[in-house]
Amino acid sequence: MRDIDTSVITETIKDMCLKANIELADDVSSKIICAKTQETTELGKLVLSQLTENMEIAKKELIPICQDTGMAVIFIEVGQDVHLTGAPLEDAINEGVRRGYTEGFLRKSVVGDPLLRVNTGDNTPAVIHTRIVPGENVSITLAPKGFGSENMSRVYMLKPAEGIEGVKAAVLDAVKLAGPNACPPMVIGVGIGGTFEKCALLAKKALTRNLDEPSPLPHIAALEKELLEKINEMDIGPGGLGGKTTALGVNIETFPTHIAGLPVAVNICCHVNRHVTRMI
Amino acid sequence: MKKIHLELPLTKDKVQELTAGDYVYLTGVMYSARDAAHKRMTEALADGKDLPMDIKDQTIYYLGPSPARPGQVIGSAGPTTAGRMDRYTPTLLDLGLTGMIGKGRRTQAVKDSMKKNHAVYFAAVGGAGALLSKCITKADIVAYEDLGTEAVYRLEVKDFPCVVVADDKGNDLYER
C-alpha cells in the first residue's frame, strides 16, 4: 500500500494544464509540419505554415496555441494499492484545473448550468473519468477539449447488418458534416461497440492515443489507415479551404457490444489535439 | 490568389470590390463579440436600447480571447465558429454591419442578408490564436465586462490575415 496525498495530484494537474495548452504533443505537431510539405493547394499550404508559425509563437511566448483552451477532460487511473489521503480526489483534481487555468492565463470557458449559462470563472468543473487498476501508481491524462470540433461530434446506433461498411459511412458522414467548422486538419477519434455512452467514451479516449501508434488489432489498424486515406480525398483541406490535408490521423478504439447493436461514436478534434500524460 | 490590404471601417463600396477567395489583410478598428454578447445585443435591440457601438460599416470578430499575460495586449485570439451567431446576424446586418470574421459555414439566411445588405464574411485560421494575437495592437473592453472572455472588445488590428469566404454576390468558398 502506497500513500499519496491528493495535493500532489492538484500540483501535477496544474502543471499539465499549462503544458497541454502551450505546446502540442510531438505526434500532432510533427504531422502538421509533415503535411505542410505535402499539401498541394496554395491556400492549404498557407494555412499549414500559419499553424506551424503559431505553434512556435505559442511555445516561445507562453500564449495558448488556441484561445479555446477547452473543457478539461481528465482520465485518471488509480492503482488499487494506492491509499489517497488529503482532500477528496475530485476536489483535488478540480483545484488543479482551477489553479492551472487561472495562474496559466488560460481561458475560462465553462458555464455552471447548461441552460442558465453563467461562467464559473475558473474553468471548473473538469470532466473526470476514473478507473481503478492494478498497482500502486496514479496515471493522469489531461485532454483539454475545444468545442468548435466537439460540437461536430456524433453517435450512430448502427444495425449489426451494416457492418464495417456502415462504420466507414458513419465516420465519413461525421467528417463531411464537420467540414470547415471543426478547424481542419482534424484528428478523428472513433469508438466502436459497447453501449451508447461507452462508445462515446472510447472515441474520446482514442483522441489521446499517439497518432504514430496504430491500433494493435490488425483489422482495426487497416480501418484506421483506409479511413484516413478516404478522409484526405474529401478536399475539405486546411481551414476547410480545399486541399488534401483534411485529417492528421484516425484513431479507433473498440469494445464488445450487444448482439443487437453496433454503436459508433465519432469524436472530432481540431488540429489542436492536446493530450498530456503524467505518472505519479 | 489575389492579396488585398484593406483599411477598416469597411464601407459598402469596399465590400463590393471583394470576391470569395481573396486573401485580405485588415488594418483598423473592429469589435469582438461571440455567443453571449450577441444574445445581449439582440435583447437590447428588442428592448429599444442602443448597441454598445455604432455598428454601421463595422466588422465583428467572433472571438473570445484567452487572458493577456502582463505586458501582452491580448492572449490567444483566434476565430470561433461563426454559425452559432447566425440566428442573430441578419438583424445586425440590417443595422449596417458590413464585416464578420470567424470560421465555418453560414446559413443561407445569413448569406441572403449579406447579399441584400452588402456585407462580407471572412475566415481567419481556426486554431492559430497565438499568431493572430500578434496582429492586435490594442484591446479594450467596451461592454458586458461581466461576461469575461465573451465581453465586447474594441480591437485595433494591423495586417490581420483572413480570406473572403462569402461575398455579397452570393459566392461561398466552402461550397466548391
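**Entry 1: the contact between the chains**

I began with one pair across the two chains: the side chains of Glu61(A) and Lys134(B) form a salt bridge, with N and O at 2.4 Å. By salt bridge I mean a side-chain nitrogen of Lys or Arg within 4 Å of a carboxyl oxygen of Asp or Glu. Side chains of opposite charge can pair when their charged atoms come close. Between chain A and chain B I found 2 salt bridges.

I note that this is a predicted model, in which local features need pLDDT of at least 70 and side-chain atom pairs count only at pLDDT 80 or more, while totals for chains, interfaces and linings use all residues; side-chain values use heavy atoms, with hydrogens and water left out. Residues are numbered from 1 along each chain as its sequence is written, and chains are lettered from A and ligands numbered from 1 in the order in which they are written.

I then looked up polar contacts between chain A and chain B, and the count is 21 residue pairs, both residues at pLDDT 80 or more. A polar contact is a pair of N or O atoms within 3.5 Å; within protein, one must be able to donate a hydrogen and the other to accept it, and residues adjacent in sequence count only if both atoms are side-chain atoms.

Which helix of chain A gives the most to the side that touches chain B? Helix 3 of chain A does, with 11 residues. Helices (H or I, at least four residues) and strands (E, at least two) are DSSP runs numbered from the N terminus. The residues on this side of chain A divide into 21 nonpolar, 12 polar and 7 charged; I counted Ala, Val, Leu, Ile, Met, Phe, Trp, Tyr, Cys and Pro as nonpolar, Asp, Glu, Lys and Arg as charged, and the others, Gly among them, as polar.

Contact (heavy atoms within 4.5 Å) takes in 40 residues of chain A and 38 residues of chain B. The buried area between the chains is about 3100 Å², and carbon and sulfur atoms give 56% of it. This is the accessible area (1.4 Å probe) that two parts lose on being put together, summed over both.

**Entry 2: a sheet in chain A**

I traced an open sheet of 4 strands in chain A, in the order 4-2-5-10 and with mixed pairing. Two strands pair if DSSP finds at least two bridges between them. Strand 4 (127-133) and strand 10 (276-279) each have a single partner strand, so one side of each is left without a neighbour in the sheet. The twist averages 15° from one strand to the next.

Strand 5 (residues 138-145) and strand 10 of chain A run antiparallel and are joined by 4 bridges. Ile140(A) has Arg278(A) in strand 10 as its bridge partner.

Helix 4 (residues 89-103) of chain A packs on the sheet, and its direction makes about 140° with that of strand 2. Helix 7 (residues 196-206) of chain A also packs on the sheet, at about 95° to strand 2. Axes are lines fitted to C-alpha atoms, for helices over the stretch in contact, and angles run from 0 to 180 degrees between N-to-C directions.

**Entry 3: the backbone**

I checked the peptide bond from Thr124(A) to Pro125(A), which is cis, with omega near 0°. Pro125(A) is in the loop between helix 4 and strand 4 of chain A.
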